[in-house]
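Please look over the sequence and the fold shown here, and then read the notes that follow, which are grouped by topic.

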Amino acid sequence: MNNQTEFTVAEAIVKELVQAEVNVVYGIVSIHNMPIYDAMLREGSIRIVTARGESGAVNMADAYARATGKLGVVLTSTGAGAGNGAGSLTETWNSGTPLLHITGEADSNYIGTDQRYIHEAKDQLKMMEGANKTAYLLKRPKQITPFIRRAIKEALTVPTGPVTISVPTNFQAQIIPQNQLIEVETVQNPEVKINIPADVVKKIATAKRPVIWAGNGVIASRASEELQTLVDKIQPAVITSESGKGSIPENHPLCIGNFAATPQVEELLKKSDLLISIGVRFRSGETVGWTLPVPENHINIDLNPNAFNRNFDTLYTLVGDAKAVLREVNSSLAHKEINPDVAYVDEVKSARQAVRDDLRSQIGPYGEVADIMREQLPENTILVTDVTIPGYTWGNKLFDIYEPRNYLYMTGGGIGQGLPMAIGAQIGQPEKPVVLIAGDGGFMVNAGEMITAIQEDTPIIVLLFDDGGYGILRYYQEAAYGRRTSVDLKNPDFVMMAKSMGFESEKVCSVDEFREGLANAIASKKPYMVVIDVEAVGVLEYKDTDEYIASFRPNHG
């Protein structure tokens, strides 16, 4: 074996990953990243997870980061490999997950020459810039250390997101001086002084109908405790964005939850005299296309100054870390006498119940399915919902999440990313059960990653709702045109497929069978797939607005 003593670009990359406390790297090996893989193997402290496709590898790294709060890292090949990861990188960009994507690139002297070097893309950097927060190309091997440090810092800086670095293949094994880049200016960390304007404190203290809208910023800044202190003090209605699920335990009597786009919440907002939004992006699907009524008294807390007036007007945007800002707000309110309106608190509790009752009345047997899941699964279960009707109608609302980072969903709306996400979350949090809600159409997009779950010994539970096609698109086509195409799918025998991959599996055709099937999956402590026959259990009658349906028909724009 080669006892290598020379220091190469690949080793410099691995050295920086170790310094950044990276424990896991996801990816696929290639002739265009082999030196980096070998450097990781020799260094020995990083777990290398081999996915079966680059798109899945990115999803795994993304979910790992979301479930742990650490940097996700993925390593792919050049051109086609980087391109395969691009779709999943757009999901990571949408969710604002801090992720470092390391990819190869054609030899430096071939880039942009149109010589069609193996795996070459016409403009890989531009392709990566389109899918990421930003992207960089290494041009000078000796400067790899500041290059990669900058990329890691960029991924972790608010607004966080994925950053791709392309390292030309001929640079990776290049020997460079093992010189030290030392950042001697240590950051002094006295208590950060937070100045909350007196008018802001007064508005919070005197509000009679306050609403708090909690987003992923609460989770990212680890501010759940501070949020609960504020909630206990001012007794507001608490709604969460889908990304904010778990920022406050969803069994809290004032937590309405991820039900913003409901008539009850719209009514509360209409009559509200104060909205405090914390780390919320206000996505269109959660705000009825940004039409929800937001009170003029809107105090927004966000570390990103561009959150100011981004999707809704904000009277005050307090730019700062949510945990630090909330701590100061709580301190300012501590000695103020606040008398919450008892009638309003009762109204909030009634709204909390009403949104759930309304949803249950529309989903037939699936309310009971949600109850069975919550009864049987441990409190700390991580739920992953793929883009499928059961995921975005009831899974993301009726399955209560009690702590941050225990709910993952496809922020950008792309199907089929749930399976690799579940695997990445399980690797990041091995002591927590991980459950995926998926549909048959989306599941087949990345079904090959089932074998990664086996190889990596990740005992995920897959709840596969099989309706023989793209159920939501069936509905939209029928509603818009009275006909349908390309939405009815020929499927494998999912139980047989799962077993061939090494999963334990069974098919269920009723709610009682589901209860038993889920219990079997939990008891097995192995990768397990429960296939739910939707035709037998009950087809969910989904309904969208007439305006949205009309948008698919010829119109004047």
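Is cysteine 255 buried or exposed? Cysteine 255 is buried, its relative accessible area being 0%, where buried means under 20% relative accessible area, exposed over 50%, and partly exposed in between, with a 1.4 Å probe and protein chains only. The model is a predicted one, in which local features need pLDDT of at least 70 and side-chain atom pairs count only at pLDDT 80 or more, while totals for chains, interfaces and linings use all residues. Residues are numbered from 1 along each chain as its sequence is written, and side-chain values use heavy atoms, with hydrogens and water left out.

**Cysteines**
- Cysteine 509 is partly exposed, with a relative accessible area of 32%.
- The count of disulfides (pairs of cysteine sulfur atoms within 2.5 Å) comes to zero.

**The sheet**
- An open sheet is formed by six strands in the order 2-1-3-4-6-5, with parallel pairing; strands (E, at least two residues) and helices (H or I, at least four) are DSSP runs numbered from the N terminus, and two strands pair if DSSP finds at least two bridges between them.
- Strand 2 (47-50) and strand 5 (134-137) stand at the edges with a single partner strand each, so one side of each has no neighbour in the sheet.
- Strand 4 (residues 99-105) pairs with strand 6 (residues 162-168) in the parallel sense over seven bridges, and glutamate 105 stands opposite proline 168 in strand 6.

**Helices on the sheet**
- Helix 1 (residues 9-19) packs on the sheet and touches strand 1 (24-27), strand 3 (72-76), strand 4 and strand 6, contact meaning heavy atoms within 4.5 Å.
- Helix 6 (residues 144-156) also packs on the sheet, touching strand 4, strand 5 and strand 6.

Definitions and conventions. Axes fitted to C-alpha atoms, helices over the stretch in contact; angles between N-to-C directions.
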